[in-house]
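Work through the following exercises with the coordinates open, and try each task before reading its solution.

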Amino acid sequence: MMRKIALIIAATIVLGACGKSEPSQPDGPELVIYSSRIEQLIKPIFDDFTKETGITIRYVTDEAGPLLARLKAEGENSPADMLITVDAGNLWHAADMGILAPVKSEVLNTNIPPALRDEQGRWYGVSIRARTIVYATDRVKPEELAGYEDLAGPQWNGRLCLRTSKKVYNQSLVASLIVALGAEKAEEVVSGWVNNLAVSPFANDVKVVEAIDAGQCDVGLVNTYYLARMLEENPDLPVGLFWANQTGEGAAGRGVHVNISGAGITKASKHKENAMRLLEWLSGPTAQYDFAHLNQEYPVNDKTAPSELIEQWGRFRADTMPLSEAGRLQGDAIRLMDRVGYR
Ligand code: FE
């Protein structure tokens, strides 16, 4: 809690001077960004942008929920030009609240695949995160694994670890199950997961990997960048990565559930031209390289390669379900998880 208060104060200070004509402020153009991505991940990217364009960036970082509430409350008077956040669920919600402006651009349409952006152009994915299966390399053979739905099977009883259903990552994953399998089958699968849990769901993905390492469970579901970061620290970590749903007919072979971090220009922005310049730049080579290397995520722009560390996992087929669907079905996913007792 203290940390959160400190962050809010810091955020207020960063933004405090904005809009007032104080002598210390730069005379040149500037943009204000609200970001739920933490400072360490966005500041180097903004610095590169400023270096290339001369446009200064001020930013506020906070959780997605409070940022959305703030944008809504500020309305047309918001100083924010852009919202940057993670997960299509959050971006969909922001668009649904009417705080993002629809924009179109050839550059964005070329750099970002259609499934990773809003049909109406209110938000665009700027990095891909894959949520897939991880396993204890000493207790599980990759041949025993197949897809998300197979983790509901009896062979995984008492062997599965999950993160809490409160996290938007799992809400989007379950929404993808509803799209792929239908609501009834999806509910059976998630109920099977709950039955197979070795321990109560964890607060974050790192704890899932740690539990597998510690022998508490044998399989789990995480975003790959968490495992990549842990492998950077400890290359001998006995936790392997398995690309889910790569083979089989129909839904079984639909591919790995991917989500995005993304950005949208606010309706309130008074600097739409420069905001568009930033948005396009985020989909270009410098920023895409930064996303891939700062947080071990996958670039959305296929002209940029992933980092060497994650190249070892090879290429995977991604589920091409439009991410706006994950947003639309978020509520259904939450109620489904609640019904089967996934806490
Ligand atoms: Fe994350």
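The exercises below go from the metal site to the cores, the domains and the charged pairs.

The model is a predicted one, in which local features need pLDDT of at least 70 and side-chain atom pairs count only at pLDDT 80 or more, while totals for chains, interfaces and linings use all residues. Residues are numbered from 1 along each chain as its sequence is written, and side-chain values use heavy atoms, with hydrogens and water left out.

**Exercise 1. The metal site**

Task: Identify the protein donors of the iron ion and their spacing along the chain.

Solution. Begin with the criterion: donors are N, O and S atoms within 2.8 Å of the metal (3.2 Å for Na, K and Ca), and since water is not among the atoms, sites may look incomplete. Applying it to the iron ion gives the OH atoms of Tyr169, Tyr225 and Tyr226, at 2.0 to 2.1 Å. Along the chain these donors follow the spacing Y-x55-Y-Y. Next, take accessibility, where buried means under 20% relative accessible area, exposed over 50%, and partly exposed in between (1.4 Å probe, protein chains only). By this scale Tyr225 and Tyr226 are both buried.

**Exercise 2. The nonpolar cores**

Task: Describe the largest nonpolar core and say which residues have the most contacts inside it.

Solution. A nonpolar core is a set of buried Ala, Val, Leu, Ile, Met, Phe, Trp, Tyr and Cys residues joined through side-chain atoms within 4.5 Å. The largest such set has 103 residues, and Trp193 and Leu282 are those with the most contacts inside it. Its largest share, eight residues, is supplied by strand β4 (residues 124–136); strands (E, at least two residues) and helices (H or I, at least four) are DSSP runs numbered from the N terminus. The core also draws at least three residues from each of domain 1 and domain 2. Another core, of five residues, lies apart from it and includes Val168 together with Tyr169, Tyr225 and Tyr226.

Leaving aside neighbours within four places in sequence, the contacts of Trp193 include Tyr148, Leu151, Leu160, Leu173 and Leu221.

**Exercise 3. Charged pairs around Asp205**

Task: Which side chains form salt bridges with Asp205, and where in the chain do these partners lie?

Solution. A search of the whole structure finds 19 salt bridges. In one of them Arg131 pairs with Asp205, the closest N and O atoms being 2.8 Å apart. Because Arg131 lies in strand β4 and Asp205 in helix α8 (residues 205–213), this pair ties together parts that are 74 residues apart in sequence. Asp205 also meets Arg163 in a salt bridge (3.0 Å, N to O), and this pair links distant parts of the chain, 42 residues apart.

Arg163 lies in the loop between β5 (160–161) and α6 (168–181), and counts as buried because its relative accessibility is 7%.

For contrast, take the salt bridge between Arg343 and Asp338 (3.5 Å, N to O), where both residues are exposed. Elsewhere, a network of salt bridges links Asp138, Arg139, Arg159 and Asp218.

Technical notes. Domain bounds come from an automatic or database domain assignment. Contact means heavy atoms within 4.5 Å. A salt bridge is a side-chain nitrogen of Lys or Arg within 4 Å of a carboxyl oxygen of Asp or Glu.
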